[in-house]
Amino acid sequence: MDYFEKILVLDGAFGTELVKRKAPMGKVPEELNITHPEIIKDVYQSYVDAGSDIIYSNTFSANAYKCKDSKYSPTEIVTAGIKLAREVADPKGVTVAMSIGTIGDILEPFGNLKFDEAYEMYKEMMTAGEKAGAQIIVLETQTDLLEVKAGVLAAKENTRLPVFVTMTFEKNARTFTGTSVEAMAVTLEALGVDAIGVNCSLGPEELLPMVRKMREYTTLPIVVKPNAGLPDPMTGEYSVGPEEFAKSMIPFLEMGVTFVGGCCGTAPEYIKELRKIVGNYKPIKVDNGKHSYLCSGRKVVDITKVHAVGERINPTGKKLFKEALLNHDIDYVKRQAIEQIEAGADILDVNVGIPTIDEPALMEEVVKELQSIVDTPLQIDSSDPLAIEAALRHYNGKALVNSVNGEDDVLDTILPIAHKYGAAVIGLTMNKDGIPSEYEKRVAIAGHIVEKCAQYGIEPKDIYIDCLTLTVSVQQKEAYETLKAITEVKKRYGVHTVLGVSNISFGLPKREFINTTFLTLAMSAGLDLAIINPNNAAMMGAIDAFLVLSGQDVGSTAYVERYAAIAAMEKEQKEKEKALKAALISTNSADGLHNIDTKSKDDANSICSFVKKGLADSTAGAVEALLTTMDPLDIVNNELIPALDEVGRSFEKGMLFLPQLLSSASAAEAGFNVIKRFLAKNNQDTISKGKIVMATVKGDVHDIGKNIVKTILENYGYTVIDLGKDVDPSAVVAAVKEHDVKLVGLSALMTTTVASMEETIKALREAGCDCKVMVGGAVLTPEFAMKIGADYYSKDAKQSADIANELFGV
Amino acid sequence: MNIELTIDDKSEILRYLGFRNNELTKKIEDDIEDCIRITNEVMDVRTVWRLFDISYNDEGTLVGDMGVLLPGKSLVKHLDGTKKAVMFGVTIGSAFDEAVNKLMISDPGKGVVLNSCGITLVEKAADALQFEMDESLKGYKTGVRFSPGYGDLPLDCQDFFISSIDATRRAGIRLNRNMLMNPVKSVTAIAGVYKA
């Protein structure tokens, strides 16, 4: 159907109409569809009579979660609601849209609701709705874009109905969960939704700027269903009357939206007034040009200038990264993400591919965890179509897929997946014959990729061609071929470009010179996305400087903002170092020593003192220095561990507190990391005193306590396999068996979840796991810990380390 | 609501961290200052409240026209016979939770300080809301607040607290299936209304 032909009037509030008719409102008001059909029909009729073109069915909360205590199933309630609506609507040629609200539970990782569970609940409602005669599906009053995605996929995979989505925004143009207007628009248009818009929360006046913004980011028809102004906090009455409401809807009609109606506080009289004026206006279709947007649920990156893609989340050639993935250390990956964003990355490449690992499962988990703490869009990097699909399905936003090439079997596998989930895609200019030397041939492969993308419905603006970097010390002429290809593919096909640059300098000394210069040339040739290590200041500097010189950083504002502070900090740092050096020389020469004495525990500059003060950089520096003269294991056992012990004792005595304990642990960790890198470089096995599985038990989503314990244990040299929160007993058993673990730590915050703790311990015993279990958490006592079958009760993080030390005989 | 953390809240922030007149290191001092800044930057304080008639029976306290039961003796004792009470919800928003989660990864020592700033702020916001309600209740004022999980009032009542004041739609406070609130730094409570 063409939604730009004429403006269509929706209905108004439903709940208040039920109250007016004195309907008995239970926990699930939709039960009235079955118990009091005459009242429901009467409300529908009142909106049909008022002039609605589309009425919403009374099915908003008829999902399995909210109906769990109901006598009726969601299918029964939905079927009744839709049938009644059709009975009223059909004679007048009015369309019935099926209204679907939020599930009511919170999606993981913040809550317990799994994406797939949300999908199933929506699916159940939608298939029943379609069967009963619904003509449109409307997901409304939504606040979490990821939950919306579950609903959209459920609709598209199981029904043939058009899908509308309206979300509820607050005054800051975000939903309560942080979804922004722009991110909603970009994500849902890419997902193939038929119309988007806003409903509830605010009145027409407050929603106007948000709808304006939405129009900038979408070509879709727009739905506007505001409240009748704002409620009075004392009486709950809404402030705007029917005529005034209709009048304040005019700016939306002028703007060219397609669907208008009302939410809380509105009634049939409001719709009648609205009906009177809509005939004077027509929907307007907007053309938003060639913008390519990538986004997370909260942040949109508009690819109109050069952006840095962080390449560090990738295990290739990184022993520690591989080990972290094998040990399920997702925090390690998160740390890499935070570090790169702080260094200036606008997009993060995510690659978790190592042999023997279940890549789709791990990819899904990493994507879920990353998007819970960062708002940077992700680039999904894998050669496994299943891993790509797992990532895209659970990704909140519009992602970039890395990558396809000129081979048809790859294109025919990956492109349908990218299109289905609305992702942009990277195309490498290579095929089974390898990378052509001449730029014309690379451009030709790009042409084939663009053609194939068109077949699958992917527009050129969402194609990122990688013209590929060859090593200049081996193939010198080819460096310029890459640059020429970048310029040509953009000109010829209207695509965007992407390039990983660091391969250019293999085999040459001082690689940074070559890399930064090549990057600068590539940007000048038209590069849009540079895949780099953002922690490399020279590479980031090249991008920032290019943006100034090419006039894209207007007024050099971003450059100054970034570098003025850094320059000042560097100066301060230098002065500090100078002062420190002077002080050292004077103290050391008094002792007749000329190096930093890292052994003397009382020395202000010993490792021990750095750890005690929580100084990570100083600890790392001191360990680095000591590695030239001392065995790595001796440093751990004679320096780092005793320092942590001392901090722990002070903590027990109440002389130090949690923040200090944790800062000291972080400082020790910085020292451990130096040693781990040293060992990895010298091909020695990394140090681990033993493996410990940690989990916050099923049902519990508060994991701050578990994370504190984990930090401390890791810094005593243990390998912690962190299973996260809300962990099923079977997952704990599986991890213990897989990693042959002798100690398990379980955490539970609430009395209600201690039962899951007991269940987990039982499951471990029943599975015959030969391991000890320590438990902790606010509501536990030593007596209770023993009662539920634990081997140890740990009152705090320090004690958990003592238990581990006792058990592993350290 | 116009509210923010200031350096005057330091002692309260330290109290939640377990400090008692201990000497502070430079790092803690800096962290507290920076965490106060972060808190003020990311907080999104929202409040919602409603006045209810209440009555009592052998099982506990009855709220509103429908007489919904809040079971247990503790609340009955706490309300001390008043016939009116306010139920309210306060949150400092989900962006704050994300900031804590992020900091717990990159700098756990500072993460727990930020966490403590959040507790301080949500309690401060609840105090401010009670002050606002007292103003609106002209001649009356609200007593000490009481939340699900206190005394013998079961945590399961949280469901009713949230729905009775429409806290999900109006303040963004949601419940998971174990009756835990999201955003984490949220407070729901009931307080008796008494002559000022």
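How much space lies in the largest cavity? The model is a predicted one, and in it the largest cavity holds about 60 Å³ of space.

**Cavities**

The count of cavities of 30 Å³ or more is two. The table sets out both.

| Cavity | Space | Lining by class |
|---|---|---|
| Largest cavity | about 60 Å³ | two nonpolar, five polar and three charged residues |
| Second largest cavity | about 30 Å³ | five nonpolar, two polar and one charged residues |

Residues of chain A and chain B line the largest cavity: A:Lys612, A:Lys613, A:Gly614, A:Pro659, A:Gln660, A:Ser663 and A:Ser664, together with B:Thr25, B:Lys27 and B:Ile28. Helix 25 of chain A provides the largest share, four residues.

The second largest cavity is lined by residues of chain A: A:Lys149, A:Leu392, A:Tyr395, A:Gly397, A:Ala399, A:Tyr421, A:Gly422 and A:Ala423.

**Interface of chain A and chain B**

The size of an interface is often expressed as the accessible area lost when the parts come together. Between chain A and chain B the buried area is about 3900 Å², and carbon and sulfur atoms give 60% of it. Of the area that chain A buries against chain B, 17% is supplied by A:Ile106, A:Phe176 and A:Phe657, more than by any other three residues. In terms of residues, 47 of chain A are in contact with 42 of chain B.

Eight residue pairs are in polar contact across this interface, both residues of each pair being at pLDDT 80 or more. On the side of chain A that touches chain B, the elements giving two or more residues are helix 13 (330-342), helix 14 (359-373), helix 25 (658-681) and helix 26 (704-715). Helix 25 gives the most, with six residues. By class, this side of chain A comprises 21 nonpolar, 16 polar and ten charged residues.

**Salt bridges**

Side chains of opposite charge can pair when their charged atoms come close. Over all chains, the whole structure has 58 salt bridges, and the count between chain A and chain B is five. In one salt bridge, the side chain of A:Lys27 meets that of B:Asp159, at 3.3 Å from N to O. In another, B:Arg177 and A:Glu117 meet through their side chains at 3.6 Å, N to O. B:Arg177 is placed in the loop between strand 6 (174-175) and strand 7 (181-182) of chain B, while A:Glu117 belongs to helix 5 (residues 115-132) of chain A; the pair therefore joins two chains.

**Backbone features**

Where do cis peptide bonds occur? One joins A:Asn402 and A:Ser403, with omega about 15°; A:Ser403 is part of strand 14 (residues 400-404) of chain A. Another runs from B:Asn182 to B:Pro183, with omega near 0°, and B:Pro183 is located in the loop between strand 7 and strand 8 (186-195) of chain B.

A:Lys22, a residue other than glycine, has a positive phi, near 55°. This lysine, A:Lys22, sits in the loop between helix 1 (15-20) and helix 2 (32-35) of chain A.

Key: Residues numbered from 1 in each chain as written. Chains lettered and ligands numbered in written order. Predicted model: local features only at pLDDT ≥ 70, side-chain atom pairs only at ≥ 80, totals over all residues. Heavy atoms only, no water. Contact = heavy atoms within 4.5 Å. Buried area = accessible area lost by both parts, 1.4 Å probe. Salt bridge = Lys/Arg side-chain N within 4 Å of Asp/Glu carboxyl O. Polar contact = N/O pair within 3.5 Å; in protein donor to acceptor, adjacent residues only side chain to side chain. Nonpolar A, V, L, I, M, F, W, Y, C, P; charged D, E, K, R; others polar. 1 Å grid on protein atoms, 1.4 Å probe; cavity = no way out; pocket = protein on both sides within 12 Å on 5 of 7 lines; lining within 4 Å. Points joined across faces, edges and corners; volume = space filled by probe spheres on them.
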